[in-house]
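Thanks for making time this morning.

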There are 2 protein chains.
Amino acid sequence: MTAQLEKTYQQLCDASREATMIGRIQHLLEWDEHTKMPQAGAAYRADQMAFLAGLVHQKQTAPEIGEWLDELVDSEFTADPKSDIGANVYHLKRDYEKQTKLPQDLVEQLTRACAVGQQVWIEARKADDFEQFRPKLEEIVRLKREQAAALGYEATPYDPLLDEYEPGETTVNVARVLSELRDALVPLVQAIADSSQRPDVSILARKYSIDVQEAFGEQVAEQIGFDFGAGRLDVTAHPFCTGLGPGDVRITTRYDEHAFSDAFFSILHEVGHGLYDQGLPREHYGLPIGEDVSLGIHESQSRLWENQVGRSHAFWEHFYGAAQQAFPDALGDVAVSTFYGAINDVRPSLIRVEADEVTYNLHILIRFELEQALIEDRLQVADLPGAWNEKYERFLGITPPNDAEGVLQDVHWSAGLFGYFPTYALGNLYAAQFFDQAKEDLPILEADIRRGDFSALLSWLRANIHQHGRRYTPAELVERVTSSPLQHDALMSHLNEKYGEIYGL
Amino acid sequence: MTAQLEKTYQQLCDASREATMIGRIQHLLEWDEHTKMPQAGAAYRADQMAFLAGLVHQKQTAPEIGEWLDELVDSEFTADPKSDIGANVYHLKRDYEKQTKLPQDLVEQLTRACAVGQQVWIEARKADDFEQFRPKLEEIVRLKREQAAALGYEATPYDPLLDEYEPGETTVNVARVLSELRDALVPLVQAIADSSQRPDVSILARKYSIDVQEAFGEQVAEQIGFDFGAGRLDVTAHPFCTGLGPGDVRITTRYDEHAFSDAFFSILHEVGHGLYDQGLPREHYGLPIGEDVSLGIHESQSRLWENQVGRSHAFWEHFYGAAQQAFPDALGDVAVSTFYGAINDVRPSLIRVEADEVTYNLHILIRFELEQALIEDRLQVADLPGAWNEKYERFLGITPPNDAEGVLQDVHWSAGLFGYFPTYALGNLYAAQFFDQAKEDLPILEADIRRGDFSALLSWLRANIHQHGRRYTPAELVERVTSSPLQHDALMSHLNEKYGEIYGL
C-alpha cells in the first residue's frame, strides 16, 4: 500500500473509531436511563442524547470521508472485499452513501415523528384507542416510504428498510422462507393444541425470591461463559444487551417473584447477545469488521443460548439440582421432566413477547406481512387493526379482544422500526442452522451440556461466527458456516422433534 | 436591551449550556466508572473521557465567545455585576480569559503529567517510597508554577491556583484565618488529649450489617430532604457527590460491616453536597448563576449536615431509637450519651480522611502551608517529607512512621490539585458561621432537629445560599448571610463548647 493511501486509510479508520466511541457514549446514556437514572433526569438526558446523535451524524457525514472513500475504492488495496481493508472500506462507503442520501429535513422529520409517535402510542395503548395513534402512524409510514425512495430500491420499497437491519437480505427471499416456515408451523401448532398432554405451568408461578433468582441467573450466566469482569447484569423494565466498549458489555433483565422462567430465560437470551459482543474481534473495535453482522445474526446468538441450549433437557439435567437447591419450596417436589414440560409449554397467545418457541415465529410473520403491505401501499393504516385480527385468527386461531392486546402491543412501528421484525424470525432460523452444524462438528456437544461444560460450544461460536465481525453478510456467513443458505428445515426439524416428544405427537 | 445584544447574549448562553451539558455527560462517565463499570472497561472509558474533555475545551475557547463577550462587557446591560446578565457575563468572561490564557501545550503537559503522576503516586505509596514519586512531583510543581505565571498574579503564585477553587479568595487572607484557627485549635487538642474522659469507640466497631446500614442511611437522607426522585445513592471506593443534570444528583458511600460511623457520616456529608446541588436555581441551569459558588461553599453544605447537624446530641435524640431498632445487637445495650461520645471521639491521628471534627483542620493547615511553600519556591520537593513530619509533630504531636502514612497519603498533589486543600477548612469555617446565623434566624432550630424536622433549616439554606447559585463570590455570600467576613470564631466557639462539655474541660 502506498504511503498516501495508507495515510488516507488510517484517517478513515480514525474517523470510524471516533464515531463509534461517541456512539458508545450514547449507549451508556441509554443504559443508565433504563437501569439507574432517577425519573426527574429524563428531560435533560433527552437533550444530551439529541446532542450526541447530532454529533455522530455530523462526524459520519463529514465531506472528507467521501473524499477518502473515493480515493480508496478505486485502488487495488480494496479489490478483495473480504480483506480487512476491503471489508472496512466497503461498509464505510455503504454507510456513508446511506447517510448522505437521506435529506437532512427527512431525517429530522423522522426523528421528530418517531419521538412523538412513541408518546402517542403509549397513550393510545393505554386508552385502547387505535384512532388516537392512526394519524401519527400514517405520517410515519409516509416518511418511511420517503426514506425508502431516497435510499433507492428495485423490487420493493421494503427492501432498503429491511437492509438497514439485515444487510444484503431481500424481501422476496425472507417472504419465501417465512411462508415455508408458516406452512410447516401451522399444522404443528394445531397438533399441539389437539394433544391431550398439558404441562403443569403453575409450578413456574410459585414463589421464587428475587434475590435468589438473581444469584442463580448470574451463576448460570458465568458458567456459560459471560465475563463479569467485562460486563454486568442489571434490572430494567424491558431486557436488553448493550455494548459500551471493548471490555464492557451489559445485559439486563426484570424479575417477577411469581414467574421464574421470565427472568431466567431473558437472562440466557441477553447472555447470548452478550457473548457475541464479548467475542467480537477487539483489534478491530470501532471499525466495521469489529462489529456484529446484523440484527438477525445477533438474535441467532441469543436464541441459540435461550432455546437450543437453555430449554433443552440436557441443560436441566445439569442445572436442575442447583435450581432445586436455590428454590426448595418451589421446586423441591417437582420432577425435572415436569419442569422441562413447563418451560416448554406451547399455546397460541396474543402477546408476542410472551410467546413460546413454536408460536413466536407466527407473531413475527403476521407483523412482517402487514408492515410489508403498509410500505408497499397495499394496506392502509386505517385497515390495519382489521387485518391484524384477521391474521391472528387465521394463523393462531385466536382473535384479540381489543387493540391494546392486538395491533397496539409493540413499540416498533411508533418508533419507525419497519423491517426490524423479520430479524427476530431470521434469528430463530439461523440459530437452528448454526446449532445443527455445531452438533455435527462437536459430537460430544449434548454430553458437554449435560455436564455443564459450555466451553466447546462457545469456542465453536467464537471461531465460526464471533471472530469474523462484519466481514461477511448474513447470507455469506450462514452459507460459510452451514454450507447451506437460509432455510426453514433446521428450525422445523428441531421443533418437530422436540415438541413431538413432549406432546406425544 | 437591544435586539442585537439580546441575540448575542442568547448565543453566549446557548454556548454555556452546551458546554455544561457535555460536562454533565463527563460526570455520568465518571460516576459510572466509580460505581458500576466493569474493570475491563477502563481503557476505553479513558479514551472517551479524553475526547469529551477536548470537546468541552474546544467549545469553551471558541473565538466567537470572545467576540460575543467583547460586545457585551462594554454595554450598559452588564453594568450591574449582580444582575442575571451581569453575573453571567462576568463569570463567562473570567472563565474564557483563564482558558485562553493557558497555552495549549502547557494544558497538555499538565494533563499528561497528572495522569501519569497519579499512577506513579499509587505505586510509590504502595512501596512507601517517596523517591519514586519525587521527580514526577517536581515536574508537576514546576508546571503548576508555569500555570500560575500564565494566569498572572500580584502577591503570590499561589493566588491564581487558589482562585481556581475559591474564586476571589486570597492566599494572605486564608493564611491569616487559618493561622488564627491553628493558634486556637492546638490548645484545645492538647486539653482533650490531657482529659481523663475517653469515649468507648469500640461500640462503633461492632457488627452493623451492610444492608441495614444502607436502608438506615437512605431513610435518614430522605428525612433530611434528599430527593431520591431526582437522585441516587450508590456504593464506591471513595465517597463523592456528582450532578448529572437538573433532576439528577448522585451521591455515593462505602460500607464496612465493622465501622458504622464511616458510611453513615459520609452519607450525611454527601447528602449535604447533594442538597446544595438539588437546591441550585433550575431556571439558570448551564449558566454560571445556576452553578455552585465554590468548593469551599460546597464543602460548607456537606460539613454543616455532617457535623453541626449529624454529630449533634439533638440529632441523635431523634434518630437513636431508630438506630437501636435497626441494629439491636450492636446498640441495644448502649446509651445515647455513650453513642454520642463515640461519634465525637477526638484524637490526633495520621490520616486526614479519618480525622475527627477538631483535628481535621490541622491536617489541612499542614498541607496548605506546605503547598504554598512549594509553589512559592520556598520549599523543595526533596525536603517535603521532612517538612511534613516536622509539622505533624509540631501541630498534632505525632510523627508518621513512614511516608505512606505521611506525605504520600493524599492523591491531590499527584493530580495537580494545588490550592484545593484549603477549601476543606474554609468549608468548616463557613459551615460554623452559617449554622450560627441559622440558629439566630430560627430560634426553634434545635427543637426541630430534636424531633427530626429539617424543613426549616433546609428552607433557610435554600433561601440564603442555594438559590443564589454563583451570583456572589464566597466572601460576598458569607458577608451577606452572616454580616461578618470569613473568621475562625464561629468554628472555635462551636468546638470549644461542644468538646468542652464532652471532655469536661
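Predicted model: local features only at pLDDT ≥ 70, side-chain atom pairs only at ≥ 80, totals over all residues.

Let me start where strand E2 of chain A and strand E3 (residues 248-253) of chain A pair in the antiparallel sense over four bridges, where pairing requires that DSSP finds at least two bridges between two strands, and where strands are DSSP runs of E with at least two residues, helices being runs of H or I with at least four, both numbered from the N terminus. Within that pairing, Cys241(A) has Ile251(A) in E3(A) as its bridge partner.

Residues are numbered from 1 along each chain as its sequence is written, and chains are lettered from A and ligands numbered from 1 in the order in which they are written.

The open sheet has three strands in the order E1-E3-E2 (chain A), with mixed pairing. Its edge strands, each pairing on one side only, are E1 (231-235) and E2 (241-245) of chain A.

Across E1, E2 and E3 of chain A lies helix H10 (residues 260-279) of chain A, running at about 165° to E3(A); contact here means C-beta atoms, placed from the backbone, within 7 Å, and angles run from 0 to 180 degrees between N-to-C directions of axes fitted to C-alpha atoms, for helices over the stretch in contact.

Stepping back, chain A comes to 21 helices and three strands, and its C-alpha trace spans about 70 × 50 × 50 Å along its principal axes.

Key: Contact = placed C-beta atoms within 7 Å.
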